[in-house]
Amino acid sequence: MKPLIITVLMMNCFAVTAQQKAISRKELLKTALDQKVKSTEIQEITMAAGQGAPEHLHPCPVLGIINSGEAVFQIEGKEKVVLHEGDAFYEPKNVKILHFDNASAEKPLVFTAIYLKEGNEENIKFIK
């Protein structure tokens, strides 16, 4: 009976090890939030080739990830960067976003935005 128990335990150990090897994690973004989050809204947003967003701000923090395409991204006071497929981004609450533009003149930009809400604030306010 003991050899059977040892065999079963060893098989369980191998199964757990195999499962751990099948899962990998890649940190995309780490940021601190200065608010309580009571609700979230998640949207998939598609921007046409060459389309840019007007200057805007968000009354709540926004986390996001680029699903496909590339975005030109700039927060007021920061350098302009290009976000590629798989990149994560953070747009702070009530800070002007100067650029969130599709970097491609040929392909759409698709991204997921996660709005972290304290109450019933709007998702976006356009400045221009």
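Which residues does Asn-123 touch, not counting residues up to four places away in sequence? They are Glu-41, Gln-43, His-58, Pro-59, Tyr-115 and Lys-117, where touching means heavy atoms within 4.5 Å.

## Basis

This is a predicted model, in which local features need pLDDT of at least 70 and side-chain atom pairs count only at pLDDT 80 or more, while totals for chains, interfaces and linings use all residues. Residues are numbered from 1 along each chain as its sequence is written, and side-chain values use heavy atoms, with hydrogens and water left out.

## Asn-123

Asn-123 lies in the loop between E8 and strand E9 (125-126); strands (E, at least two residues) are DSSP runs numbered from the N terminus. Asn-123 has a relative accessible area of 13% and is therefore buried (under 20% relative accessible area, 1.4 Å probe, protein chains only).

The Asn-123 side chain makes polar contacts with the side chains of Glu-41 (3.0 Å) and Lys-117 (2.7 Å). A polar contact is a pair of N or O atoms within 3.5 Å, one able to donate a hydrogen and the other to accept it; residues adjacent in sequence count only if both atoms are side-chain atoms.

Leaving aside neighbours within four places in sequence, Leu-83 is in contact with residues including Ile-66, Phe-73, Phe-89 and Phe-100.

Notes: Helices (H or I, at least four residues) and strands (E, at least two) are DSSP runs, numbered from the N terminus. Buried means under 20% relative accessible area, exposed over 50%, partly exposed in between (1.4 Å probe, protein chains only).
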